[in-house]
Amino acid sequence: MSSMNDLSLLPVARSPLAMPAEELVAALKAAAEPTRLRILLLLRGGELSVKDLTLILGQSQPRLSRHLKLLVEAGLVERFREGSWVYFHLSDRTEGGRLAQSILAVTDAAEPRFVRDRERAEALKREREQGAQRYFDAHAGEWDELRCLHASESHVEAAIVELFGAGPYRLLVDLGTGTGRMLEILAGRFERALGLDLNQSMLAYARSRVDRLGLSNIQVRHGNLYDLSVADGEADVVVMHQVLHYLSEPQGAIAEAARVLRAGGRLLIVDFAPHDLEFLREEHAHERLGFATETIAGWLVEAGLLLTHSRDLAGGSGNEDARLTVSLWLAEKPPGPFNNSQAV
């Protein structure tokens, strides 16, 4: 998988567009071809794979790969690998990407061929969404079974939003993004967001959700929580919602989350308090049966973070029969040198 240094989601400073003449000419040449202009217009609507583009444009993969290579080399488009697939999106961090947006702003998108392209792209996204929905429906019983064991989702989400704060944050990283629900409820509180998950089916669902909601400032990626392709200190806030109990080494994931946080950045962890529901381990692949605040606080200190808030949400908030307590822990990365004596 390519380095996130090549996929930085931080917005480009809005200084006047200025490119060296040689780069400007190369970028203009790259955009000045009918198929490549069609590709740029399609990518303005969201990231697409090479396979997606072959289906939409009706051209061969080798030909489209050559066009995409030119667009990438000119800095108009960026690529990233997800398993055996390669996705492309308009660059949001280069002068070439800004130039592409300027070119598209003066392009008549109402031309029939461009309209047809968009219609095919929308049909393809609907098909992808339906496939992801089928997966989600097939597993809906599992989520329903878990939901009935703890406080209502609305109560938990309200607490998450409150602890998260108004922001705005430059970059949010959602680890174990799953269905992308956290990205949805926190939308409007960040400039850019990156959702990472290992499960390809869940990524497909999250991507379709982002597309459906029109959240163009969010990207969803395949990622290993123990080895994030995000630069040191790049994230303003990291969220880990109902993730730790699936991990064999949760402290390692916390340490990796701390690495990508900037000084003063915050980590929000949402998971279960200790419990004795063994069937969750046996039937739902839970590695850990909840976490004590003392355990989480210790891991945070080891990672160089300070626990600033903790909250327990027991059953009773819309679910009187709940047997699980949901805990929320908010930690901060100190702006200066850290030592254990700072821990509360």
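Select Leu186: leaving aside neighbours within four places in sequence, this residue is in contact (heavy atoms within 4.5 Å) with Ile160, Val161, Phe164, Leu172 and Val239. The model is predicted, so local features need pLDDT of at least 70 and side-chain atom pairs count only at pLDDT 80 or more, while totals for chains, interfaces and linings use all residues. Residues are numbered from 1 along each chain as its sequence is written, and side-chain values use heavy atoms, with hydrogens and water left out.

With Leu186, they touch the most other members of the largest nonpolar core, which has 34 residues. Such a core is a set of buried Ala, Val, Leu, Ile, Met, Phe, Trp, Tyr and Cys residues joined through side-chain atoms within 4.5 Å; buried means under 20% relative accessible area (1.4 Å probe, protein chains only). Helix α8 (residues 153–164) gives the largest share of this core, five residues. Helices (H or I, at least four residues) and strands (E, at least two) are DSSP runs, numbered from the N terminus.

Now show the strands. Seven of them form an open sheet with mixed pairing, in the order β6-β5-β4-β7-β8-β10-β9; two strands pair if DSSP finds at least two bridges between them.

Move to helix α11 (residues 250–260), whose buried residues include Pro250, Ile254 and Glu256. They pack against β4 (169–175), β7 (235–241), β8 (261–272) and α13 (293–302).

Finish at Gln242, in the loop between β7 and α11. Gln242 is buried, at 16% relative accessible area.

Technical notes: Buried means under 20% relative accessible area, exposed over 50%, partly exposed in between (1.4 Å probe, protein chains only).
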